[in-house]
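Here is a walk through one protein model, from strand pairing to charged pairs. Keep the structure open while you read.

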Amino acid sequence: RNFVAYGENCFGLGLIFTAFKIPTQGDHWAYYFFLVTIFSLNSYAVYRLVRDYVRTESVALVAGAAFPLTGFSLANLDDANCIFVFFPVMALHYLLRALKTGETRLLRRAAVFSGVQIWFGMYVFVFQFIVLAIVGLVSRKRLMELARWKDLGAALACYIGSAAPILVLYVLNHFEPDLVSPYENPMSRRLSSLHWYHFWNVLPGNLLYSSATNVYTTEADASLWYSLRKTCFPGVVLPVVALLGVLWSFKGTKTFLAIFFVFLALAFGTNLFALEGIAEIPFGTYFRVASRAYLFSLLAGFVYFAVGTDFLTEQVRRRWGRVAAGVPVVIGLAFVVENVPFPLPSYDYATTLEPVESYRKFFEKFEERKIVADLPSDYQARLPQSDSLWTYSRDALYMNWQAYHRQIIVGGINSYLPRSRISVDGMIQRLPAPEAIAGLKEFGVEFLVFHKKFILFPNEDVLSGLKASSAAKLEFEDGDLAIFSI
């Protein structure tokens, strides 16, 4: 309940990750297979969508394969609930096919895919509602010609039936959130809104363009979380070929042009005056990270990218025959070279995803799980940002470590936290004061686990104070780890 109000829950994605975590017993490989899975599903959905607009199978395959490899998608790898768009794209595919073929059963199929999306991410669920609304407005005459009220009612029932359980939970908690966030909506919206210069920024390691020329000119780019995620350069190949696709198919694809511009406007967020207060309307919370809308602009752009590639392929086929088979491949490879960095960078913090072995071994001797507080701890603190990776907080690592040492933790929350976490944090910040230790003990804490290498500020170095305290007993110390019982 404490987190549902912000839409960060992704129950379906959690199941996918868990399906890989169980056999691999590790986060690295589990997340690797998780990403491969959601990217593959994205590719398949885009392939199905664009296949209806191109004549050549290989063109649709290339467009589908290329979609997850935009610099923007790769820059948002840790935001899986906002880059996984399989269900809304499939819903859009079936809705457009229903309008084209007159098969009303496809409306029900589209409704199911649309409703199921909420189990995999609330933000995309809201975005796809806008997409479907755009389709409905652009094609309202055709929709009314095609569907009787009975058909529309059946589609609505499919939509509500697949979405209702979690949708009710979201709605109830949206208006009664029992949580605290250090990131107020206006601030998040302002810092995440795109500027025109973000469309020139590339990922570090790009094979053709240097990230040293990236432009960051405002306070909004001070945080690596925002600057990296606003890597919006699509390359030269994508917009040029897509523009050709617009010119070639404008009359039959106006819906995608509308989708492109609506979501581009949303991505600019507070930099467009008309959208300044959108986060304040009911459910406007889900628009607070404006840049996330850009992916749907890219989706529309890929339809035109496929159409443009198909046009070029057909022109080459008329002149040089079989040589045309290589056109989609060449265009696809050019796109990849412009967007995908190589080699993919690694980061020092990868070694901290699992706790040190001595942490696990210390608690193995206890038959029952213990309640521990990892230190230093501050739900707003960040790890040193020595590289271009926004690393979240130390408490995010503590939360991840719980899956390995199997103890119960009282910290381990990043950003969106229950109010009870605030009271615990107050006691943690007063350590090693006797009353703070007594308060944590009364709360249920049995052990304090201190991690020396995670000290960010001088006042957090309370190790000597804990050693001198009569209320805490040093049970174990080795390297960067010290464990106290209280």
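In β7, which residue is the bridge partner of Phe-450? The partner is Ala-482. Note before going further that this is a predicted model.

Start with the strands. β5 pairs with strand β7 (residues 481-485) in the antiparallel sense, over five bridges. β5 also pairs with β2. These two strands run parallel, and four bridges join them. In that pairing, Val-372 stands opposite Phe-447 of β5.

How enclosed is β5 by the rest of the structure? Five of its five residues are buried, so β5 is largely enclosed. Both of its faces are covered. On one side sit Phe-447, Val-449 and His-451, and on the other Leu-448 and Phe-450; all are buried.

Glu-446 and Lys-370 meet through their side chains in a salt bridge, 3.9 Å from N to O. Glu-446 lies in the loop between α20 (434-443) and β5 (447-451), while Lys-370 lies in the loop between α17 (357-364) and β2 (371-375), so the pair ties together parts that are 76 residues apart in sequence. The two partners differ in cover. Glu-446 is partly exposed, at 28% relative accessibility. Lys-370 is buried, because its relative accessible area is 16% and the cut-off for buried is under 20%.

Side chains of opposite charge can pair when their charged atoms come close. The structure holds 14 salt bridges. Some share partners: Asp-79, Arg-229 and Arg-292 are joined into one network this way.

Glu-57 pairs with Arg-51, with the closest N and O atoms 2.7 Å apart. Glu-57 counts as partly exposed at 35% relative accessibility, and Arg-51 counts as partly exposed at 26%. Asp-52 pairs with Arg-97, and here the closest N and O atoms are 3.8 Å apart. This pair links distant parts of the chain. Asp-52 is in the loop between α2 (27-51) and α3 (57-66), Arg-97 is in helix α6 (residues 86-101), and 45 residues separate them. Asp-52 is partly exposed, with a relative accessible area of 27%. Arg-97 is partly exposed too, at 30%.

Next, a nonpolar feature of the surface. Trp-29, Tyr-32, Phe-33 and Val-36 make a nonpolar surface patch of about 420 Å². Val-36 lies in helix α2. Its relative accessible area is 37%, which makes Val-36 partly exposed.

Turn to helix α15 (residues 294-320). Of the 27 residues, 21 are buried, so α15 is largely enclosed by the rest of the structure. Gly-321 follows α15, and its phi is positive, near 60°.

Last, the cysteines. How many disulfides does a search of the whole structure find? The search finds zero. Take Cys-82 as a case. The closest cysteine sulfur is in Cys-10, 7.4 Å from the sulfur of Cys-82, which is too far for a bond; the cut-off for a disulfide is within 2.5 Å. Cys-82 is buried, with a relative accessible area of 6%. Cys-158, by contrast, is partly exposed, at 24%.

Notes
Residues numbered from 1 in each chain as written. Predicted model: local features only at pLDDT ≥ 70, side-chain atom pairs only at ≥ 80, totals over all residues. Heavy atoms only, no water. Salt bridge = Lys/Arg side-chain N within 4 Å of Asp/Glu carboxyl O. Buried < 20%, exposed > 50% of the residue type's maximum accessible area, 1.4 Å probe, protein only. Patch = residues over 30% accessible without salt bridge, like charges linked within 9 Å, V, L, I, M, F, W, Y side chains within 5 Å. Areas by Shrake-Rupley, 256 points an atom, 1.4 Å probe, with all protein chains shown as cover. Pairing = 2+ DSSP bridges.
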